[in-house]
Amino acid sequence: MRKESFLYRAYDLYSDGFRHMRLGRTLWTIILIKLFIIFAVLKLFFFPNFLKQHALGDEAGFVATELTDRAVKD
């Protein structure tokens with residue numbers, strides 16, 4: 001890749017920035033831990049798999065039935 005290209009300059013900017021940061025590494029670690037907690041732990045405990053519990057194997061059919069039933073009721 002040529003050193004004048006935009007992609008090379010952007011990569012060089014970010015790699016140099018991440019290489020020299022001190023406090024930023026700690027902050028990125030905190031951010032990644034918080035994202036893990038939000039997406040992994042909370043999903044396990046607070047967001048059960050509704051389709052798996054109610055569809056009994058035919059998820060597509062269950063969704064289609066629910067959509068058509070709700071459309072007819074309105």
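Mentor: Hi! A term to start with: the radius of gyration is taken over C-alpha atoms, and the globule rule is 2.2 Å times the number of residues to the power 0.38.
Trainee: Thanks! What radius of gyration does the chain have?
Mentor: The chain has 24 Å, but a compact globule of 74 residues would have a radius of gyration near 11 Å. This is a predicted model, where local features need pLDDT of at least 70, side-chain atom pairs count only at pLDDT 80 or more, and totals for chains, interfaces and linings use all residues. Residues are numbered from 1 along each chain as its sequence is written, and side-chain values use heavy atoms, with hydrogens and water left out.
Trainee: And what box do the C-alpha atoms fill?
Mentor: Roughly 60 × 30 × 25 Å, taken along the principal axes.
Trainee: How many helices and strands are there?
Mentor: The chain has 4 helices and 0 strands; these are DSSP runs numbered from the N terminus, helices being H or I with at least four residues and strands E with at least two.
Trainee: New topic: how many aromatic pairs does the structure hold?
Mentor: There are 2. Rings of Phe, Tyr and Trp (its six-membered ring) pair if their centres lie within 6.5 Å; planes under 30 degrees apart count as stacked, over 60 as edge-to-face and the rest as tilted. One of the pairs is Phe50 with Phe62, tilted, at 6.4 Å centre to centre and 50 degrees between the planes.
Trainee: Where do Phe50 and Phe62 sit?
Mentor: Phe50 is in helix 3 (residues 50-54) and Phe62 in helix 4 (residues 59-73), 12 residues apart, so this pair links distant parts of the chain.
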